[in-house]
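Visitor: I am new to this structure and would like a close look at one part of it, the place where the ligand is held. Could you take me through that site slowly?

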Amino acid sequence: MSKQIQKEKPANMEREFAVEVVKKLVEKGHTAFFAGGCVRDELLGLVPFDFDVASSASPDQVRIIFPRSLPVGVAFGVVDVLGPKVAGRTIHVQVSTFRSDGAYINGRHPESVHFGSAEEDAQRRDFTINGLYCDPINLQIIDYVGGRKDLDQRILRAIGNATDRFREDRLRLLRAARMAARFTLDVDQNTEDAIRENAPGITLVSPERIADELRRMLGHPSRAQALSLLCRWNLFQTIFPSFSIPNEETFASVTRLQPHATFVSVIALLLPNVNEAKQIGIGLRLSNSEVRDIVWLVSNLDLVGKANRLPNHQLFPILDHPLCEILLDLEKARFPNGAEGVGLNWCLSLLKNPPVGGFSPPPFVNGSQLIQIGLKPGPAFSFVLEEVRNAQLDGLVTQPHEALKMATSIYKRLT
Ligand code: ATP
Ligand code: MG
């Protein structure tokens, strides 16, 4: 039964399709292997997120063998081969031609690439654990870079000359933190020295790519370890110059976040103040919704601790907000059993037993009703509406006619 369920999993379907792709390439006389991350993941007993195939076939040859394919990076020799549709999603496998990279420019991209051998293709990859091939037909691992041993010993090691490799492409600095944290690897000394040496150059990487790496490493349960490496290598300080380096307490909070917590939650924990959210948003080209969420979380975080002392009109909108659950997780992570627990428990019990009309009941009075009874739209108008709404949420008025009466009397006082 469970085997059957496993079989239905898209990852397995993806693997089957990737094996088919390899078989077809081999039938046509080419060399083809699974390459990189998927080999590493399978050796670690993990289900790969996607399967990449590396082959001696040129992109043109790949496109002829697989007419249902898209050129995604022809300059780099990458073709996306499309497979069957499973659960509404098209299975696909990226086939890249064995290549070696020319000189790197801008601290990020090779100036040119030329097609080469499987060994050259392994050598251009970043870390030994990412430089492995697997022949899925004969079930063999092909290792030109010593990745197998490093994987067994849980070591992250740059392929070739570490300093050169990080100088070529500074994104590898962040990939190093992400990989070491995610797979609980020790970082080889030489590799670590080269990372520290090249850390200031992280600014050469585009903000979008930096943000993307951060989303991935801080969105993973190993986020505290990743954060610790970023700090240790001075990458955190370079990327977030206005943040204080997280102290032990902050690290403990990050560790206590829910496993599925996102980058947004971690930034909300680390942010020095709300104003800084906008700066970070601009600097890292975060999406408007990410910045909005960070701002909301940071501005409401301190209110949760004193929720039991807040009037309903302040508390209910928080409890009604789509990010409320995340906010409460942050509070739990910050103060696992401190005095602030009173506020948190207050929120949790209200969420469990919400008031009869919910946290956002239909308002007793609205603007057009106020106009009907003769109030004139103007500066006092919205104030009146808000006051009456607050009184409704606070239970100070319990009927629409009371609310209307209150509105009239506040309005008269103001005008
Ligand atoms: P994951 O997809 O789980 O994040 P991955 O190792 O598969 O990890 P990808 O970005 O999918 O990472 O890249 C696939 C492979 O391409 C890597 O395993 C590595 O061999 C190679 N690679 C990716 N990025 C770089 C880089 N910046 N420099 C050198 N090689 C790289
Ligand atoms: Mg991958």
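**The site around ligand 1**

Guide: The protein chain is divided into domain 1 (1-153), domain 2 (161-239), domain 3 (244-361) and domain 4 (367-414), with bounds that come from an automatic or database domain assignment. This is a predicted model, in which local features need pLDDT of at least 70 and side-chain atom pairs count only at pLDDT 80 or more, while totals for chains, interfaces and linings use all residues. Residues are numbered from 1 along each chain as its sequence is written, chains are lettered from A and ligands numbered from 1 in the order in which they are written, and side-chain values use heavy atoms, with hydrogens and water left out.

Domain 1 and domain 2 both give residues to the shell around ligand 1, so the ligand lies between them. There are 15 residues around ligand 1, and Asn130, Arg172, Arg178, Arg182 and Arg216 come nearest (a residue is near if one of its heavy atoms lies within 4 Å of the molecule). By class, this shell has eleven charged, three polar and one nonpolar residue, where Asp, Glu, Lys and Arg count as charged, Ala, Val, Leu, Ile, Met, Phe, Trp, Tyr, Cys and Pro as nonpolar, and the others, Gly among them, as polar.

Turning to polar contacts (pairs of N or O atoms within 3.5 Å), a polar side-chain atom of arginine 172 lies 2.8 Å from a nitrogen atom of ligand 1, whereas oxygen atoms of the ligand are approached by side-chain N or O atoms of arginine 40, at 2.8 Å, and of arginine 175, at 3.1 Å. Taken alone, ligand 1 exposes 580 Å², of which the protein buries 81%, by the Shrake-Rupley method with a 1.4 Å probe.

Terms used. A polar contact is a pair of N or O atoms within 3.5 Å; within protein, one must be able to donate a hydrogen and the other to accept it, and residues adjacent in sequence count only if both atoms are side-chain atoms.
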